[in-house]
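This briefing goes with a predicted model. Look at the sequence and structure first, then read the points below.

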Amino acid sequence: MYDLLIRSMNDQLTAEEDKQLQQALKRSSELREEKIKLNKVGKLLSSRNYSFSDGFRSRVMQAVSDEKKGKVISMDFSRNFTSMFNRIAISGVVVILLLVISLYISHGSLNINTFTGVDPISEDNLISVLLYEK
Amino acid sequence: MRDYTSYSDSELIEKAKHGEDVAFGELVSRYEQQVAGTVKGMLGDNAAAEDVGQETFIRFYRSLEKFRGDSALGTYITRIAINLSLNEIKKQKKVISLFYSRDDEEKEFNIPEERNHGDESDTKELIDNALLALKPEFRSVVVLRMLQGYSTKEAASILNVPAGTILSRLARGQKELRKILEPLA
């Protein structure tokens with residue numbers, strides 16, 4: 001019956017449902033009390049008035065003016081950062097790929113020495129380094 | 001200086017389309033309160049709601065050319081405001097889930113018992129918190145039907161769901177609110 005009571009506040013009940021509800025309301029003081037409380041909640045909510053802070057209209061008009069001038073409206077840093085992140089990531093990957101290709105072209109291979117920039121250590125080189133004295 | 005208050009919404013839209021910013025400003029004044037009710041009912045009385053309110057009018061400005069007048073202007077702007085509010089809630093949830101555990105996120109809403117419920121600002125705060133305690137899908141229906149006074153059909157059109165869904169969500173929302181606002185009812 002409680003569901004029917006709530007529905008009666010938002011929707012048109014059938015004649016039969018309405019009759020049932022009216023009878024239940026006559027019988028049950030608890031249900032009558034619930035009806036009063038639900039009505040109070042409804043009134044509380046409809047009495048809640050919200051408004052924007054002072055200067056809201058001016059801020060909107062400034063944003064519209066900026067929009068007209070083609071300025072980028074940065075209302076939320078994180079929002080912009082998220083949308084920029086993909087572009088930055090893709091650019092980064094492209095740059096890395098270009099570097100790898102240029103390394104391959106200049107060195108003819110892609111071994112670890114190519115990346116570290118160290119010449120291959122041959123036995124002769126190592127001996128000459130070890131024997132060198134100031 | 002021209003007085004724009006006497007113009008109808010459609011006349012103001014036409015003028016705004018032709019670059020008359022003052023006409024658009026008049027539309028902002030007319031619907032500011034309605035947008036505030038929608039976004040603050042959905043997000044609470046905070047800075048994020050102010051930003052979403054501002055974004056609502058900017059989106060509306062961008063879509064002026066597309067507005068054909070099929071629905072009332074208020075309904076059209078409210079649809080933008082609700083969609084942006086729901087997006088904001090999703091975004092906030094993502095941030096919350098990064099920093100808090102699911103248990104923290106789903107903690108039940110409790111009304112502080114030591115409050116003086118006769119105080120007007122406390123009452124406002126309780127209503128705001130009660131609304132925020134509702135799931136967004138119920139909250140959006142409650143805001144449209146109970147705060148903004150839209151009919152079931154209009155709310156269904158704004159949220160793009162069947163009228164039956166509006167009624168069932170509204171009933172759930174009312175039951176929750178009845179429990180949460182017990183001290184005031």
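## Domain contact and chain contact

Across the interface of domain 1 and domain 2 of chain B, the rule finds zero salt bridges. Between chain A and chain B, the count is six salt bridges. The model is predicted, and the points below take the two interfaces in turn.

**Between the domains of chain B**

- Domain 1 of chain B spans 1–103, and domain 2 of chain B spans 108–185.
- The contact involves 16 residues of domain 1 of chain B and 14 residues of domain 2 of chain B.
- About 1200 Å² is buried between domain 1 and domain 2 of chain B. Carbon and sulfur atoms give 63% of that area.
- Seven residue pairs are in polar contact between domain 1 and domain 2 of chain B, with both residues at pLDDT 80 or more.
- On the side of domain 1 of chain B that touches domain 2 of chain B, α2 (21–43) and α4 (73–99) of chain B each supply at least two residues.
- The largest share of that side comes from α4(B), with eight residues.
- By class, that side of domain 1 of chain B has five nonpolar, eight polar and three charged residues.

**Between chain A and chain B**

- Chain A brings 35 residues to the contact, and chain B brings 50 residues.
- The two chains, A and B, bury about 3900 Å² between them. Of this area, 63% is on carbon and sulfur atoms.
- There are 11 residue pairs in polar contact between chain A and chain B, both residues being at pLDDT 80 or more.
- Four helices of chain A each supply at least two residues of the side that touches chain B: α1 (2–10), α3 (29–47), α4 (56–68) and α5 (77–107).
- By class, the side of chain A that touches chain B has 16 nonpolar, seven polar and 12 charged residues.

**Arg48(A) and its partners**

- Where is Arg48(A) placed in chain A? Arg48(A) sits in the loop between α3 and α4 of chain A.
- Arg48(A) forms a salt bridge with Asp45(B). The closest N and O atoms of Arg48(A) and Asp45(B) are 3.9 Å apart.
- Is Arg48(A) buried or exposed? Arg48(A) counts as buried because its relative accessibility is 9%, and the cut-off for buried is under 20%.
- Leaving aside neighbours within four places in sequence, Arg48(A) is in contact with Asp45(B), Lys124(B), Ile127(B) and Asp128(B).

**Salt bridges within helices**

- Over all chains, a search of the whole structure finds 16 salt bridges.
- In chain A, Lys37(A) and Glu33(A) meet through their side chains in a salt bridge, at 3.5 Å from N to O.
- Both Lys37(A) and Glu33(A) lie in helix α3 of chain A. They are four residues apart, about one turn of the helix.
- Lys37(A) counts as buried, at 16% relative accessibility. Glu33(A) counts as partly exposed, at 45%.
- In chain B, the side chains of Glu26(B) and Arg30(B) meet in a salt bridge, at 3.1 Å from N to O.
- Why are Glu26(B) and Arg30(B) separated by about one helical turn? Glu26(B) and Arg30(B) have this separation because they are four residues apart in helix α2 of chain B.
- Glu26(B) is buried, at 12% relative accessibility. Arg30(B) is partly exposed, with a relative accessible area of 28%.
- Arg59(B) forms a salt bridge with Glu55(B), and their closest N and O atoms are 3.0 Å apart.
- Arg59(B) and Glu55(B) both lie in helix α3 (residues 47–62) of chain B, four residues apart, about one turn of the helix.
- Glu55(B) counts as buried, at 10% relative accessibility. Arg59(B) counts as partly exposed, at 37%.

**A salt-bridge network**

- Salt bridges that share partners join Arg48(A), Arg59(A), Lys40(B), Asp45(B), Glu50(B) and Asp128(B) into one network.

**The fold of chain B**

- Chain B has nine helices and zero strands. Along the sequence, the pattern of chain B reads α-α-α-α-α-α-α-α-α.
- Of the 185 residues in chain B, 48% are buried.
- Among contacts in chain B with a separation of 6 or more, 59% are between residues 24 or more positions apart.

Conventions:
Residues numbered from 1 in each chain as written. Chains lettered and ligands numbered in written order. Predicted model: local features only at pLDDT ≥ 70, side-chain atom pairs only at ≥ 80, totals over all residues. Heavy atoms only, no water. Domains from an automatic or database assignment. Contact = heavy atoms within 4.5 Å. Buried area = accessible area lost by both parts, 1.4 Å probe. Salt bridge = Lys/Arg side-chain N within 4 Å of Asp/Glu carboxyl O. Polar contact = N/O pair within 3.5 Å; in protein donor to acceptor, adjacent residues only side chain to side chain. Nonpolar A, V, L, I, M, F, W, Y, C, P; charged D, E, K, R; others polar. Buried < 20%, exposed > 50% of the residue type's maximum accessible area, 1.4 Å probe, protein only.
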